[in-house]
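Here's a protein model to explore together. Have a look at it first, and then we'll go through some of its parts one by one.

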Amino acid sequence: MAEANSTSDAVSYGYEGEVALICIDNPPVNATGIAVREGLVAAVKAINEEAKAKAIAIYCAGRTFIAGADIREFGKPPKMPSLTEVLNDLEASAIPTVSIIHGTALGGGYETALATHARVGMKGAKFGLPEVLLGIIPGAGGTQRLPRVSSVGFALDIAVSGRHAPVEEGFEKGAIDRIVEPGDPREIAIAMGQEVIAGTLPTRRTDQIEAKADPEAISNTLAMVQKKNPHLINLAECVKAIEAATLPLAEGLAKEREHFMTCMNSPQRSGLIHAFFGERAVSNIPEAKGDTRPLDKIGVIGGGTMGSGITTSCLLAGIPVRLIEVQQEGLDRGVATITKNLDGAVSRGKMSQDKRDAALAMLEPSLAMEDLADVDLVIEAVFEKMEIKKDIFGKLDTICKPGAILASNTSYLDVNQIAEMTNRPQDVLGLHFFSPAHVMRLLEIVQGAKTAPDALATGFALAKKLKKVGVLAQVCDGFIGNRILGHYGKTNAYLVLDGASPQQVDTALEAFGFAMGPNKVGDLAGLDIGYMTRQRKKEEGMDPNERYAGDVADKICENGWYGRKTGKGYYMYETGAPVPNPEVEKIIDDVRAEKGITPKDFSDQDIVDRYMTAMIAEATRVVEDGTAKRPVDVDMVFLFGYGFPRFRGGPLHYADTIGAKELVARMEEYAKEDPHYWQVPELLRKMAADGTTFADMNW
């Protein structure tokens, strides 16, 4: 730039001949914070007043174009000028403007590009309007300008899905005006500015373009989002805002603002924002930082569902895996499952055939545990029996090289007892993957009593490599998620014993926002898992004051009905879609008669209140005793591992919407029926007295 003029800490401008260049430099992602907004307004105004340029080219320094809003401003009072005002000024520039997109142009970044008079994308760059993922809609003209430069149909696709689209697709749809080879953004900005001046790169203002109405696309998309995501009001608001793009731009922008504010004032927006920040917060802890150990080669013991899924996840991340099984049949089955998983990724467009072949080439199947001698990390994923796991870790202690991390994928068992079988407890931790492990994003990283800091940090490094959400948990029966599940799952059983049907419970909780009710989930996961856990706890000794919750489920399992994998559980699966198993109704009636239970009626709201209150109670205890570091860790475990509705933010975020006082009152009322089960956590009682929230404990 011949002579740079700074208009803010993040924006500067200068001239190359008759091309004015505006550079946005706001690391790390050039977000549209206040310095960028103020700087853009000042730069556009100054260039127009100086009247030395015939074209203005806007580009960004660093690795990306503007990648969205400044998250540091979320939840704070808005600072003027708003992005809408900035972009209206940008569009009104008398000197034609062009934006140069590299990296990603997302949200307010792509809205900025839409407000310029032409958009140039470097090959490989992406653009999108992902605001719906935060419970809102594009609020700075995205719903109005994209239908004008492209079409209503394409705007619906991009804005309602929130997906990141390649600029090549945008060029085909009119959303991008030119595709160029990747290069220095500044040099490309100069060249494109010169083409604007020469007339070889046409420019146009969106307020001078009419959007063609598409009532069929609007109607179909509105019906689709209301059927598929009835809880997410922002999707319908987004469709309605795009429908307004056929109005004059000023009127359309006013409509967009109305729909945007409807979303901003909704509870789901709060839940989705909490989920957005929470996903990042769980790894922003001292335990996740510091020195780590190598992860160049991983060993996986067990080629079953979990072991195959873990192996697939590692291969997809480019990490070589040595898979160990005890018999050739099991090893062949594991390799076949992994191959099928990778083929599925190809068919879904997630990876190319070449990458699939390269990933499979990194798999080394073996029947010899001694072949784990040179791996950096071993993940044991065998049957959930302590004796088996202890035996394996005793062998690994003698086989694995010094410094190798020994991890168990146990769902419930005591990691410290497993570590005691080795002479290196500092190298032992839990890595609890969720099934299917190559799909589910949660990874509970369980810290043993003697786990070394660098071993623990390596667990978080692995989660990052695998693109999973790693959450720190301490040792207890079930860790964070399964411990809480083990408690609130009893509510489901009690409701069924006391009068609700399994189908009513599932329907009520699906209406609340869960993708599947707990009885359908049990069938999917395998009812034998819970059966084994209940039998183990019986052997260990149960509290005589506890009401046993497994009567119905035990009898179902004793019939050999474990759910989907046996074709029958609470539901029958012969026809594909689950149909209530009529024989379960007889089991329930028999158990009620045996126990002298007179069934009573429960409303769907009764079911939701009891279920969620039980979940919140145990989640509170998990925070209270330090099993989870903070409430947000519990929330992320349930969002990414247990299908908790994302728009509700997680069980403890949801608890704050109810309030501690109301929750205490509920538990005290329920305790009249079962004082042992409905005990009020002391932390919750204190919160009710102090007027505090779980959010107060998070940041």
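What follows is a short tour of a few strands, helices and single residues.

## The eight-stranded sheet

Keep in mind that this is a predicted model. Let's begin with an open sheet made of eight strands, whose pairing is mixed. Going across, the order reads S13-S12-S11-S14-S15-S16-S17-S18. What stands at the edges of this sheet? Strand S13 (363–366) and strand S18 (469–474) do, and each has a single partner strand, so one side of each is left without a neighbour in the sheet. On average, neighbouring strands here are turned by 25° against each other, ignoring direction.

A quick bit of background: strands of a sheet pair through backbone hydrogen bonds, and the pairing can be parallel or antiparallel. You can find both kinds here. Strands S11 and S14 run parallel and are joined by four bridges, with Val-300 standing opposite Ile-379 in S14. S14 and S15 also run parallel, again with four bridges, and Leu-377 has Ile-405 in S15 as its bridge partner. Now for the other sense: S16 (residues 428–433) and S17 (residues 442–447) pair antiparallel over four bridges. In that pair, look for Phe-433, which sits opposite Leu-443 in S17.

## What packs around the sheet

Helix H17 (residues 453–465) packs on this sheet. It touches strand S11 (298–301), strand S14 (377–380), strand S15 (405–408), S16, S17 and S18. The direction of H17 makes about 175° with that of S17.

Is strand S14 covered on one face or on both? Both: Leu-377 and Ile-379 are buried on one side, and Val-378 and Glu-380 are buried on the other.

## Leu-472, a buried residue

Now zoom in on Leu-472, which you'll find in strand S18. Its relative accessibility is 4%, so Leu-472 counts as buried. Which residues does Leu-472 touch, leaving aside neighbours within four places in sequence? The contacts are Ile-285, Glu-287, Ile-445, Gln-447, Leu-456, Phe-460, Ile-480, Thr-627 and Lys-629. Leu-472 and Ala-288 are 184 residues apart along the chain, yet 8.5 Å separates their C-alpha atoms.

## A covered strand and a covered helix

Strand S4 (residues 55–60) is another covered piece, with six of its six residues buried. Ala-55, Ala-57 and Tyr-59 lie on one side, while Ile-56, Ile-58 and Cys-60 lie on the other. S4 runs parallel to strand S3 (residues 19–24), and six bridges join the two. Along this pair, Ala-20 stands opposite Ile-56 in S4.

Helix H5 (residues 152–161) is mostly covered too, with seven of its ten residues buried. Those buried residues are Val-152, Phe-154, Ala-155, Leu-156, Ile-158, Ala-159 and Val-160. And what covers them? The cover includes strand S8 (126–128), helix H4 (142–149), strand S9 (165–166), helix H6 (167–173), helix H8 (215–228) and H9. Just after H5 comes Gly-162, which takes a positive phi of about 75°.

Next, turn to helix H21 (residues 527–540) and helix H22 (residues 551–558). Their axes come within 10 Å and cross at roughly 115°, and the crossing is left-handed.

Which residues meet there? H21 brings Leu-527, Asp-528, Tyr-531, Arg-534, Gln-535 and Lys-538, and H22 brings Ala-553, Asp-554, Ile-556, Cys-557 and Glu-558. Sorted by class, this contact has five nonpolar, one polar and five charged residues.

## Thr-246, out in a loop

Our last stop is Thr-246, in the loop between helix H9 (233–243) and helix H10 (249–264). Why does Thr-246 count as partly exposed? Its relative accessibility is 40%, and partly exposed covers the range between the cut-offs for buried (under 20%) and exposed (over 50%).

Not counting residues up to four places away in sequence, Thr-246 touches Ala-211, Lys-212 and Ala-213. A polar atom of the Thr-246 side chain also lies 3.3 Å from the backbone oxygen of Glu-243. Asp-635, by contrast, is 389 residues from Thr-246 in sequence, and the two are 41 Å apart in space, C-alpha to C-alpha.

Notes. Residues are numbered from 1 along each chain as its sequence is written. This is a predicted model: local features need pLDDT of at least 70, side-chain atom pairs count only at pLDDT 80 or more; totals for chains, interfaces and linings use all residues. Side-chain values use heavy atoms; hydrogens and water are left out. Buried means under 20% relative accessible area, exposed over 50%, partly exposed in between (1.4 Å probe, protein chains only). Contact means heavy atoms within 4.5 Å. A polar contact is a pair of N or O atoms within 3.5 Å; within protein, one must be able to donate a hydrogen and the other to accept it, and residues adjacent in sequence count only if both atoms are side-chain atoms. Two strands pair if DSSP finds at least two bridges between them. Axes are lines fitted to C-alpha atoms, for helices over the stretch in contact, and angles run from 0 to 180 degrees between N-to-C directions. A crossing is left-handed if the near helix is turned anticlockwise from the far one by less than a right angle, and right-handed if clockwise. Ala, Val, Leu, Ile, Met, Phe, Trp, Tyr, Cys and Pro count as nonpolar, Asp, Glu, Lys and Arg as charged, and the others, Gly among them, as polar.
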